[in-house]
Amino acid sequence: MSKLLKTVFSLRTFRNCLSVTPFGVKMVRFFPNPYEDYGHGANVDNSEIISQINEYTKVIRKRLVPQRKNVDGGLYVGVTGVAYMFYYLSKNPLLSANKSAYLEQALAYLTPALETSAGDRTSFLLGDAGTHIIAAVLKREMGDDKYTDHFKMYKSLYNQYLNPKFLKCGGDEFFVGRAGYLAGLLWASRETQTQIFTNEELYKICNVMVASGQEYSRKHGSPCPLMYHYYNTEYLGAAHGISFILQMLLSVPGYLEFNKSAALDIKSTIDFVLSLQTEEGNWPCCMEEIGLAEHKLVHWCHGAPGTVYLMAKAYLVFKEQKYLNACVKAEEVVWSKGLLRKGPGICHGVAGNGYVFLLLFRLTGDVNFLHKAKLFAAFMSSDEFLRDARLPDNPESLYEGTAGTVCFLADVLVPDNAAFPFQDVF
């Protein structure tokens, strides 16, 4: 790839990346953004992005092989996540020449997960629930009639989520809870254009989620009608927090009209989350951090890059400008502090932050946001990033590693359809 990083960053941007300690000044958390403004800089074409995709997938196939020992961690860091990546590539119209090969690879990576458990049966992102919903969609795409068996397996878990005491650690969040189960259902319904559950069945889960949030809020004197915890921490972000839960409640078709009382609590709680956005555009990691002078985490899992999806969904549902304003404000802090040293992943890496620009492009149609996304993609091939970025714990995985990066790059190719995995707001 050609050298893209020739722009000299401003002194102000440089200072934003520094931390003063008793031992002097050091670089922290993120690379300084080397682009003076989004209107100038790299000209990244599709052939360069496709080359990146090919390089990443080659390394993934070499280093994370489809074997049972690599099943643990499910969609998040296991082979199931790589299966999702190959399926996602197979749907990309600019990569259609390799569709059959991508589907075959997806099945190869999914097979070990179908032969051994990834963890808890009911966990979407970390366990077997995610494996079965990916299998259902993938096998249907490949013309395998046995896809219905996997839908049945996914549906067989349904009644467990209706138990108010489903999980003591917190049964409503994305990774292991009800929001994750709904995310899988909504994704599969969109992919297959079929209704897996009746509206009434979906509404029952939503009602349990709302009741759970109301009960916790009452017991703990929360400042909003709904509040949730995960291992006794009241997270706000997308990974384990309230923003993803609220987004799923907004995403179930017709629920706000079905339960108008719940709708009022949902809207009020969204407005509370909105009120917590900081001056620079970020959000606290959790309720315990409200009021801190600085919120350093600019990640999808904790911070603006994940919470922005709730604001985008709220804007599309309620049509109120304040939610779009919050999205734009979030994008600004991601542009300033989003080139993370943690690596290229989507959970807490550059690709996950790059998705924010693709979201804003779809929301507004402003091509400057697409240009920003391309610059973040380009940065991951820069000498500086390759030399100084940290190696993730699971470097080829969907959420921590390059499998998620590949999904981001594929979406840069077709930005009109871009969507963070399992979190499409449109």
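A residue is called buried here when its relative accessible area is under 20%, exposed when over 50%, and partly exposed in between, using a 1.4 Å probe on protein chains only. The model is predicted, so local features need pLDDT of at least 70 and side-chain atom pairs count only at pLDDT 80 or more, while totals for chains, interfaces and linings use all residues. Residues are numbered from 1 along each chain as its sequence is written, and side-chain values use heavy atoms, leaving out hydrogens and water.

Aromatic pairs come to 38, counting rings of Phe, Tyr and Trp (its six-membered ring) with centres within 6.5 Å; planes under 30 degrees apart are stacked, over 60 edge-to-face and the rest tilted. One of them joins Tyr76 and Phe175, a tilted pair at 5.0 Å centre to centre with 50° between the planes. Tyr76 belongs to helix H3 (residues 74–77), and Phe175 sits in the loop between helix H8 (158–161) and helix H9 (178–192), 99 residues apart. Tyr76 and Phe175 are both buried.

A second pair brings us to two helices. The ring centres of Tyr355 and Phe408 are 5.4 Å apart with planes at 65°, so this pair is edge-to-face. Because Tyr355 lies in helix H16 and Phe408 in helix H19, the pair ties together parts 53 residues apart in sequence. Both Tyr355 and Phe408 are buried.

In the contact between these helices (heavy atoms within 4.5 Å), Ala351, Gly354, Tyr355 and Leu358 of H16 meet Thr405, Cys407, Phe408, Asp411 and Val412 of H19.

Technical notes
Helices (H or I, at least four residues) and strands (E, at least two) are DSSP runs, numbered from the N terminus.
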